[in-house]
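Student: I have the coordinates open. Let's go through the fold by question and answer.

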Amino acid sequence: MGKTISNKSLSVKVEPGNPSKILADSVFKNFFIEVYSMTAFTFRFFKEVWKPPYEINEILKQSFLIGYKSLPLIAITGFIIGLVLTIQSRPTLAKFGAESWLPAMVAVSIIREIGPVITALIFAGKVGSGIGAELASMNVTEQIDAMQVSDTNPFKYLVVTRILSATLMLPILTIFADVVGLFGSYMGVNIKGNVSAHLYFSQVFQSVTFEDILPAIFKTLFFGFAIGLIGCYKGYNSNKGTEGVGKSANSAVVFGSLMVFVIDMIAVQITSLLQN
Amino acid sequence: MISDENESIETLESPENSAVIEIQNLKKDFGNKTVLRDINLILNKGENLVILGQSGTGKSVLIKCIVGLIQIDEGKLIVLGEDLSTLKEKELIQVYRKIGFLFQSGALYDSMTVRENLEFPLKRQLRMKNQEEMDLLVKEALHDVGLDDAIDKSPSELSGGMRKRLGLARTLIVKPEIMLYDEPTTGLDPITSREISNLIMEVQKNHTTSSIIITHDIECARLTANRIIVIKDGVCAVEGIFSELENSTDPWIKSFFE
């Protein structure tokens with residue numbers, strides 16, 4: 001008899017035979033099942049998001065938890081990144097006599113790439129795992145079922161609100177991280193020099209254009225969406241049991257972080273195409 | 001409030017003879033495994049129907065089918081005179097609003113306080129907005145289950161028995177016509193189990209609620225059941241009142257009561 005590998009709505013029958021072939025087959029098929037389930041989950045989000053009730057209170061509550069509560073971590077990370085980047089870049093620039101370009105180089109690096117990506121990775125670690133674990137534990141303890149019998153659409157109440165909050169909060173957190181990162185960089189410049197804040201930020205604003213800022217912030221909307229979506233998908237569809245909670249949190253971080261890099265790569269290609 | 005056993009036993013009244021739930025030829029498969037093969041049962045108005053059976057026989061699946069948490073594969077579910085398969089989504093919601101479900105784990109919302117847990121069904125199911133009215137109902141519901149002091153606590157601060165009672169209060173606050181209890185006494189000590197059983201009987205008496213109680217706890221079944229059905233191999237194998245089943249000569253049935 002064949003063995004059934006099931007994933008919620010789908011099941012795959014693996015016929016007996018060569019064990020390595022069976023394993024390869026099942027991994028291959030499970031990958032496509034996962035892609036199918038994830039796509040269906042995404043379509044369901046876009047279907048539900050337009051339907052009332054819009055759960056505004058829950059969106060605001062989640063935005064507070066996801067956004068406001070992440071501020072200290074994002075601030076510390078942004079500050080350290082700005083400071084370290086400046087300290088590390090100074091010797092190389094000094095070799096070429098280009099030390100005066102330090103504020104411009106750091107600003108462009110932070111605003112274009114490091115700010116959005118580092119913030120998104122921190123966000124995936126804190127928020128993505130949090131959403132994954134929370135929804136998975138709600139699943140295990142039947143809280144999602146309880147919501148359904150209380151005349152509440154749990155997908156809308158739990159999933160849509162969290163994805164929207166993550167999508168909206170990450171750009172704001174990125175702007176915050178960029179600003180704090182630039183302050184960190186200003187501190188870094190002044191460790192071995194004496195540059196006024198006015199001069200430093202004048203150089204920063206001279207070197208940064210809207211073409212640097214807008215695409216960088218725009219792509220964080222997609223980062224936030226992907227992190228929220230993956231966290232919710234992993235939590236909402238977790239296997240029953242406490243082991244499922246850990247796995248959901250873990251895979252939410254791993255796939256969320258991976259998606260950040262994939263989206264970043266695509267966004268850079270699109271931006272450079274548009275700018276040429 | 002929780003009453004003592006003797007008082008509660010007297011509250012077991014003969015149910016009216018009209019069906020509030022009628023299940024015909026219900027079948028449910030999970031993959032290749034048939035969990036419910038051919039379930040036929042009737043729950044009469046005002047009746048406490050206990051469903052017994054070994055673990056994995058699909059007792060919880062059965063009551064989850066009734067509230068639409070699990071879709072049935074075949075058969076007919078008639079609830080409060082309405083054939084659920086013929087209803088549109090909005091009509092289904094109207095029927096589901098009249099059914100309360102006490103989950104095995106209590107299923108309390110961890111991120112909310114006790115008060116918010118109780119307000120949730122009021123806001124969502126009854127669309128209630130008046131805070132004073134909600135406060136009154138919340139206090140009354142907590143008083144009914146003896147948890148007056150827990151109103152501002154978090155569910156994590158409550159014991160297993162308190163969580164079950166709170167789960168019951170949350171379900172009863174919207175005054176359902178039908179109650180479905182999924183193993184209400186599992187994991188509780190005998191004293192707390194008896195308290196929960198007494199509460200189930202008080203619910204039947206005070207709200208004239210019809211209930212299906214899934215349990216392994218024979219003491220709970222003895223206290224609460226007007227009628228008992230035993231599920232075996234996906235069908236309703238045996239039916240009768242507690243004393244009939246307890247005195248059965250069938251070794252398999254007797255094994256439940258040992």
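Student: In chain B, what share of the contacts with a separation of 6 or more comes from residues 24 or more positions apart?
Tutor: Keep in mind that this is a predicted model. A contact here needs heavy atoms within 4.5 Å. Among the chain B contacts with a separation of 6 or more, the part from residues 24 or more positions apart is 69%.

Student: What radius of gyration does chain B have, and what would a compact globule have?
Tutor: Chain B has 258 residues. The C-alpha trace spans about 55 × 45 × 35 Å along its principal axes.

Student: How many helices and strands does chain B have?
Tutor: Count the secondary structure of chain B.

Student: What percentage of chain B counts as buried?
Tutor: Buried means under 20% relative accessible area. The accessible surface of chain B is about 11,800 Å², with 46% of that on carbon and sulfur atoms. Of its 258 residues, the buried share is 54%.

Student: Is Leu80(B) buried, partly exposed or exposed?
Tutor: Leu80(B) sits in the loop between strand 4 (74–79) and strand 5 (82–83) of chain B. Its phi is positive, near 50°, and it is not a glycine. Its relative accessibility is 26%, so Leu80(B) counts as partly exposed.

Student: Is Asp151(A) buried or exposed?
Tutor: Asp151(A) is also a non-glycine residue with a positive phi, about 65°. It lies in the loop between helix 5 (143–149) and helix 6 (154–191) of chain A. The cut-off for buried is under 20%. Asp151(A) has 17% relative accessibility, so it counts as buried.

Student: Which residues of chain A does a cis peptide bond join?
Tutor: Look at the loop between helix 1 (19–48) and helix 2 (56–66) of chain A, where Pro53(A) lies. Omega is about 0° at this bond. The joined residues are Pro52(A) and Pro53(A).

Student: At what angle do helix 4 and helix 9 of chain A cross?
Tutor: Helix 4 covers residues 102–140 and helix 9 covers residues 242–275. Their axes come within 8 Å. The crossing is right-handed. The angle is roughly 150°.

Student: How do the residues of that contact between helix 4 and helix 9 of chain A divide?
Tutor: Sort them by class: nonpolar, polar and charged. For this contact, the tally is 14 nonpolar, 10 polar and 3 charged.

How values were computed
Residues are numbered from 1 along each chain as its sequence is written. Chains are lettered from A and ligands numbered from 1 in the order in which they are written. This is a predicted model: local features need pLDDT of at least 70, side-chain atom pairs count only at pLDDT 80 or more; totals for chains, interfaces and linings use all residues. Side-chain values use heavy atoms; hydrogens and water are left out. Axes are lines fitted to C-alpha atoms, for helices over the stretch in contact, and angles run from 0 to 180 degrees between N-to-C directions. Helices (H or I, at least four residues) and strands (E, at least two) are DSSP runs, numbered from the N terminus. A crossing is left-handed if the near helix is turned anticlockwise from the far one by less than a right angle, and right-handed if clockwise. Ala, Val, Leu, Ile, Met, Phe, Trp, Tyr, Cys and Pro count as nonpolar, Asp, Glu, Lys and Arg as charged, and the others, Gly among them, as polar. The radius of gyration is taken over C-alpha atoms; the globule rule is 2.2 Å times the number of residues to the power 0.38. Buried means under 20% relative accessible area, exposed over 50%, partly exposed in between (1.4 Å probe, protein chains only). Accessible areas come from the Shrake-Rupley method with a 1.4 Å probe; for residues, only the protein chains shown count as cover.
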